[in-house]
Amino acid sequence: MQASVDNQLKVLRLAELDLQTAALNQKTRTLPEAIAHHEFTLEFEKYRDLRIAAETELSDLSGEINRAESDVEQVAKRIEKDEARLNAGQGTPKELEQTQHELISLNARRAELEEVELEVMVRAEGIKDRIKELSASEAEFISKLEAAAVARDAALVVINNDLKLIADERAELFPTIDKALTDLYEKFGAAKLKNGQCTGCNLAINAGDLSKLNALPAEEVARCEECRRILVRA
Ligand SMILES: [Zn+2]
């Protein structure tokens with residue numbers, strides 16, 4: 001195939017632009033700011049889920065505390081009633097003795113219930129402390145992920161701007177090259193012959209092939225024997 005030297009140089013430029021595009025796309029996928037943002041998001045979600053679970057646990061415990069309080073209250077009322085009856089000396093001696101017995105067991109019951117209530121309250125305090133710690137970690141990772149998002153978006157603006165410049169240059173360049181040559185390029189790509197090497201596959205070309213390549217007329221489109229790329233002698 002024949003192509004003007006100018007066209008061959010243009011196809012080489014096309015290859016450079018496509019390499020730059022691929023590199024920028026790869027950069028977008030592996031942007032440290034984007035990876036950091038993703039990691040901070042996972043951390044934030046972990047602490048948020050733990051905090052929500054702790055809040056559910058606390059709300060269940062509040063129900064337990066309320067029940068324990070009302071149990072204690074009920075027993076306290078019965079104790080009050082019995083004490084009033086004893087103080088008033090109402091009833092037969094046998095009835096008064098029964099009331100005294102009842103008071104002893106009621107007081108024991110109250111102590112028991114108060115202990116249960118106290119234990120639940122201590123547990124609730126522990127959960128409240130845990131919620132505070134989890135909320136602090138949550139807030140820490142929210143601010144980290146927000147900062148990472150800002151950094152990521154700033155980096156993307158630069159990359160996308162470069163991508164657009166390259167796309168514009170390519171769109172302008174492409175129609176100025178012979179169709180046969182761009183068809184060949186789209187299939188196999190293009191590379192420069194530099195220091196006896198194909199810069200596409202980076203393989204050294206043996207001395208015999210190299211002298212044949214150099215002997216070809218400038219308008220003859222050369223190809224790399226290894227990777228089949230268009231080999232531009234420039
Ligand atoms: Zn090659």
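A residue counts as partly exposed when its relative accessible area falls between the buried limit, under 20%, and the exposed limit, over 50%. Asp49, at 42%, is therefore partly exposed. The structure described here is a predicted model.

- Cys198 and Cys224 are both buried, and Cys198 has a relative accessible area of 0%.
- Cys227 is partly exposed, with a relative accessible area of 22%.
- The count of disulfides comes to zero.

**Positive phi angles**

- Asn195 is not a glycine, yet it has a positive phi of about 50°.
- Asn195 is placed in the loop between strand E1 (190-194) and E2, and it is exposed, with a relative accessible area of 75%.
- Asn202 is not a glycine either, and its phi is positive at about 65°.
- Asn202 is found in the loop between E2 and helix H5 (207-215).

**Salt bridges**

- Side chains of opposite charge can pair when their charged atoms come close.
- Glu43 and Lys46 form a salt bridge, at 3.4 Å from N to O.
- Both Glu43 and Lys46 lie in helix H2 (residues 32-88), three residues apart, which is about one turn of the helix.
- Glu43 is partly exposed at 26% relative accessibility, and Lys46 is partly exposed at 38%.
- Arg48 and Asp49 meet through their side chains in a salt bridge, at 3.1 Å from N to O.
- Arg48 is partly exposed, with a relative accessible area of 27%.
- Glu119 forms a salt bridge with Arg123, and their closest N and O atoms are 3.8 Å apart.
- Glu119 and Arg123 both lie in helix H3 (residues 93-173), four residues apart, about one turn of the helix.
- Glu119 is partly exposed at 44% relative accessible area, and Arg123 is partly exposed at 40%.
- A network of salt bridges links Arg13, Glu16 and Glu169.

Key
Residues numbered from 1 in each chain as written. Predicted model: local features only at pLDDT ≥ 70, side-chain atom pairs only at ≥ 80, totals over all residues. Heavy atoms only, no water. Buried < 20%, exposed > 50% of the residue type's maximum accessible area, 1.4 Å probe, protein only. Helix = DSSP H or I, 4+ residues; strand = E, 2+ residues; numbered from the N terminus. Disulfide = S-S within 2.5 Å. Salt bridge = Lys/Arg side-chain N within 4 Å of Asp/Glu carboxyl O.
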